[in-house]
Amino acid sequence: MTQGRFLVVEGPEGAGKSTLIRGLAERYREAGATPLLVREPGGTPVAERLRELLLDPAHPIDSVSELFLFLAARAELVARVIRPALAQGVTVLADRFQLSTEAYQCGGRGLERGLFLAANRAATGGLEPDLTLVLDLPPELGFDRIRRAGQGFDRIERAGPEFHDRVAAVFRNATGPGITHLDATLPQEQLLRAAWDLVLARGLAAHPARRG
Ligand code: Z5A
């Protein structure tokens, strides 16, 4: 069985990650595939409990504890959901993955990159996305979108403008194998077209005859 593809969408809050993932999933379905959608943190019973803890503004969390809680959620999701799906040839579309940890816990909180790299490798077993689409959007525009959508602000969204500027800088400057940037100020349809064109150009659209 051919290994499934692993695509990740990253970027600051309100950049349009969830919207884009839903659009990409629709394109995959039109192409005859059934992708699996996941979001971080979350996706297993334990990871969903960790998500509640991590986002709850009622509990302050030490930065190192925060790192390990995000990574515990990732380890659960990778081992129980992502790897089994990829092994069955299913395409996995993930709303956030390891670049988020680098942006929020290293950029935002100031944790050492070496600590993140070692601990993240333990959490993922070295799993790397085939493609990481980074949605570039200034943080204030993302927060405006969240406000307009009437959503409340979670513990991390409340961290303050300097924190979010540091996070945004990590996303903006991210480079590496499979990392590609998209202009998230584009209207939704144009952004989706640009993202799907990239998926096609990289040969990551599943063959219509195959599941995943
Ligand atoms: N976090 C971390 O610290 N460390 C980690 O390792 C990981 C995560 C994995 C998860 O929050 C938090 O955990 C996150 C990072 C941290 N916190 N912060 N801050 P989450 O999953 O609850 O939320 P989020 O990831 O920040 O997503 P979001 O706020 O839901 O934003 P989004 O998914 O990028 O955007 P959206 O929901 O698709 O769209 C937001 C609004 O904009 C909505 O009204 C859309 O209709 C609108 N929209 C979408 N696209 C467009 C375009 N193109 N133009 C105009 N308007 C648009």
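This is a predicted model: local features need pLDDT of at least 70, side-chain atom pairs count only at pLDDT 80 or more; totals for chains, interfaces and linings use all residues.

Tutor: We can start with the overall build and then move on to helices and a few single residues.

Student: How many helices and strands does the chain have?
Tutor: The chain has eight helices and five strands.

Student: And in what order do the elements run from the N terminus?
Tutor: They go β-α-β-α-α-β-α-α-β-α-α-β-α.

Student: What is the radius of gyration, and what would a compact globule have?
Tutor: The chain has 17 Å, and a compact globule with 212 residues would be near 17 Å, so the two agree. Along the principal axes, the C-alpha atoms fill a box of roughly 50 × 35 × 30 Å.

Student: How much of the chain counts as buried?
Tutor: Of the 212 residues, 48% do. As for contacts with a separation of 6 or more, 80% of them are between residues 24 or more positions apart.

Student: Which glycine just after α4 takes a positive phi?
Tutor: That is glycine 110, with a phi of about 85°.

Student: What is glutamine 105 in contact with, sequence neighbours aside?
Tutor: Leaving aside neighbours within four places in sequence, glutamine 105 touches Glu66, Leu67, Phe70, Ser100, Gly110 and Leu111. Gly110 is the glycine with the positive phi.

Student: Now some packing. How are two packed helices described?
Tutor: By the angle between their axes and the distance between the axes.

Student: So how do α4 and α5 cross?
Tutor: Their axes come within 11 Å and cross at roughly 150°, and the crossing is right-handed. On the α4 side you have Gln98, Thr101, Glu102 and Cys106, which meet Arg113, Phe116, Asn120 and Thr124 of α5. By class, this contact has two nonpolar, four polar and two charged residues.

Student: And α3 with α5, at what angle do those axes cross?
Tutor: At roughly 30°, with the axes coming within 8 Å. That angle makes α3 roughly parallel to α5, and α3 passes α5 in a right-handed crossing. From α3, Leu67, Phe68, Leu71, Arg74, Ala75, Val78 and Arg83 take part, and they meet Leu115, Ala119, Asn120, Ala123 and Thr124 in α5. The residues here divide into eight nonpolar, two polar and two charged.

Student: Thr124 came up in both. Is threonine 124 buried or exposed?
Tutor: Buried, at 3% relative accessibility. Threonine 124 lies in helix α5, and beyond its sequence neighbours within four places it contacts Arg74, Val78, Arg83, Phe97 and Gln98.

Student: How far apart are threonine 124 and glycine 176?
Tutor: In sequence they are 52 residues apart, and in space 17 Å, C-alpha to C-alpha.

Student: One more helix pair: how do α2 and α3 cross?
Tutor: The axes of α2 (residues 45-55) and α3 come within 8 Å and cross at roughly 155°. That makes α2 roughly antiparallel to α3, and α2 passes α3 in a left-handed crossing. Val46, Ala47, Leu50 and Leu54 of α2 make the contact with Glu66, Leu69, Phe70, Ala72, Ala73 and Glu76 of α3. By class, that is eight nonpolar, no polar and two charged residues.

Student: Last topic, the strands. Where is threonine 180?
Tutor: Threonine 180 is in strand β5, residues 179-183, and it is buried, with a relative accessible area of 13%. Setting aside neighbours within four places in sequence, threonine 180 is in contact with Leu131, Thr132, Leu133, Val134, Leu198 and Arg202.

Student: Great, thanks!

How values were computed: Residues are numbered from 1 along each chain as its sequence is written. Side-chain values use heavy atoms; hydrogens and water are left out. Helices (H or I, at least four residues) and strands (E, at least two) are DSSP runs, numbered from the N terminus. Axes are lines fitted to C-alpha atoms, for helices over the stretch in contact, and angles run from 0 to 180 degrees between N-to-C directions. Angles under 35 degrees count as roughly parallel, over 145 as roughly antiparallel, 65 to 115 as roughly perpendicular and the rest as oblique. A crossing is left-handed if the near helix is turned anticlockwise from the far one by less than a right angle, and right-handed if clockwise. Contact means heavy atoms within 4.5 Å. Ala, Val, Leu, Ile, Met, Phe, Trp, Tyr, Cys and Pro count as nonpolar, Asp, Glu, Lys and Arg as charged, and the others, Gly among them, as polar. The radius of gyration is taken over C-alpha atoms; the globule rule is 2.2 Å times the number of residues to the power 0.38. Buried means under 20% relative accessible area, exposed over 50%, partly exposed in between (1.4 Å probe, protein chains only).
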